[in-house]
Amino acid sequence: MRTPLIAGNWKMHGTVAETDERIAALLPRLSTVDHADVAICVPFTALQAAVDSTRGSQLGVFAQNMHHEPQGAFTGEVSAPMLAELEVGGVVLGHSERRTYFGETDRALQLKVPAALEAGLQVILCVGETEEEREKGDTERRLRHQVQEGLEKVPSDRLGDVILAYEPVWAIGTGHVATLEQAQDALAFVRALVADRDKEQSKRSRILYGGSMKPDNAADLLALPDCDGGLIGGASLDVSQFTAIVEAVP
Ligand code: PEP
């Protein structure tokens, strides 16, 4: 019922030339993939090139941030309608690097998520606890806060359209992947939080795992009952590794 999604987060990697080159290498390897949606999340400056070179293919293109207002005096920002105009398919919101380094708050995300949906973009909303929060037994409290705030202004009938990514901060870029039990518990907890708002919509919610997913651990993570795909950082920059993760989707 839920089509898995494998999304590669390229972060701040990729000039236009490098983006074109990586996409050209990726597309032929994805041509037989029909069991999963696949997307790449590229820097703003590479979005147009990525949209142009993936047109007509099954590879989606996402941005990595946006402002909640459609326009205005917000120097350096880009809005949802601006992304939609470029034919970008979606946007990643609330990635832990944006929360940690750029002060992204749950309050800001509360406005960004519905603004993105309104503009016709898909949304991947990232949530996840820090190592300290996990050690203190605060994982569920943190996830509850992030999910409830992030979805607060999303109309009930659109809740299932929001893709959530459970990304434990301590697993991102560290090589320390969550255990299968930790991942499944958190993914199921995130789905239960959506169900608290609307049970039927929560059955539609795609919930991804992110954090040091690699070809050698992807199959087990992707087979978890509440795992509907992955958000992949480091391994998504390597065409072979990214393709192997796509192929690991059950
Ligand atoms: C990410 O940046 O969202 C991520 C999951 O990174 P990595 O796969 O490198 O841990």
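**Entry 1: helix H5**

Which residues of H5 are buried? I began with this question, keeping in mind that I am working with a predicted model. I found that the buried residues of H5 are Leu-109, Lys-112, Val-113, Pro-114, Ala-115 and Ala-116. I noted that helix H5 runs over residues 106-118, which makes 13 residues, and that from its first C-alpha to its last it reaches 19 Å, close to the 18 Å expected at 1.5 Å a residue. As a reminder to myself, residues three or four places apart on an α-helix point the same way, because there are 3.6 residues a turn.

I then looked up what covers the buried residues of H5, and the cover includes helix H3 (80-85), strand S4 (90-93) and strand S5 (122-127), together with helix H7 (139-151) and strand S6 (162-166). Just after H5 I came to Gly-120, which takes a positive phi of about 90°.

**Entry 2: the protein as a whole**

I stepped back to the whole protein, which has 11 helices and eight strands. Its C-alpha atoms fill a box of roughly 45 × 45 × 35 Å along the principal axes. I checked the radius of gyration, which is 17 Å, and this agrees with the value near 18 Å that a compact globule of 250 residues would have. I also wrote down that buried residues make up 44% of the 250 residues. Among the contacts with a separation of 6 or more, 71% are between residues 24 or more positions apart.

**Entry 3: the active site record**

Which residues does UniProt list for "active site"? The unreviewed entry gives His-95 and Glu-167. They span 73 residues in sequence, yet no two of their C-alpha atoms are more than 8.4 Å apart, so they gather at one spot.

I took His-95 to begin with, and found it in the loop between S4 and helix H4 (96-102). His-95 has 26 other C-beta atoms within 10 Å, and because 20 or more make a residue buried, His-95 counts as buried. Leaving aside its neighbours within four places in sequence, His-95 is in contact with Gln-64 and Cys-126.

I then turned to Glu-167, which lies in the loop between S6 and helix H8 (180-197). Glu-167 is buried too, with 28 other C-beta atoms within 10 Å. Not counting residues up to four places away in sequence, Glu-167 touches Ser-96, Cys-126, Gly-128, Ile-172, Gly-210, Gly-211 and Leu-231.

**Entry 4: the binding site record and the ligand**

The UniProt annotation "binding site", again from an unreviewed entry, covers Asn-9, Trp-10, Lys-11, Gly-173, Ser-212, Gly-233 and Gly-234. Although these are spread over 226 residues of sequence, they cluster in space, with a largest C-alpha distance of 14.3 Å.

I looked at two of these residues in turn. Trp-10 sits in the loop between strand S1 (5-9) and helix H1 (16-30), and it is buried, with 21 other C-beta atoms within 10 Å. Beyond four places in sequence, Trp-10 touches Ile-40, Cys-41, Val-42, Pro-43, Ser-236 and Leu-237.

For the ligand, I found 13 residues surrounding it, the closest being Ile-172, Gly-173, Gly-210, Gly-233 and Gly-234. By class, this shell has five nonpolar, seven polar and one charged residues.

Leu-221 lies in helix H10 (residues 215-222) and is buried, with 26 other C-beta atoms within 10 Å. Leu-221 and Leu-180 are 41 residues apart in sequence and 6.3 Å apart in space, C-alpha to C-alpha. Not counting residues up to four places away, Leu-221 touches Leu-180, Ala-183, Tyr-209, Met-213, Cys-227 and Gly-230.

Lys-203 belongs to helix H9 (residues 199-204), where it is partly exposed, with 13 other C-beta atoms within 10 Å. I also looked up its separation from Gly-76, and Lys-203 and Gly-76 are 127 residues apart in sequence and 37 Å apart in space, C-alpha to C-alpha.

Methods:
Residues are numbered from 1 along each chain as its sequence is written. This is a predicted model: local features need pLDDT of at least 70, side-chain atom pairs count only at pLDDT 80 or more; totals for chains, interfaces and linings use all residues. A residue is near a molecule or strand if its C-beta atom, placed from the backbone, lies within 6 Å of it. Ala, Val, Leu, Ile, Met, Phe, Trp, Tyr, Cys and Pro count as nonpolar, Asp, Glu, Lys and Arg as charged, and the others, Gly among them, as polar. Helices (H or I, at least four residues) and strands (E, at least two) are DSSP runs, numbered from the N terminus. The expected span of a helix is 1.5 Å times one less than its number of residues. A residue is buried if 20 or more other C-beta atoms lie within 10 Å of its own, exposed if 12 or fewer, and partly exposed in between; C-beta atoms are placed from the backbone. Two residues are in contact if their C-beta atoms, placed from the backbone, lie within 7 Å. UniProt positions are given in the numbering used here, feature names are shortened, and annotations may be inferred rather than shown by experiment. The radius of gyration is taken over C-alpha atoms; the globule rule is 2.2 Å times the number of residues to the power 0.38.
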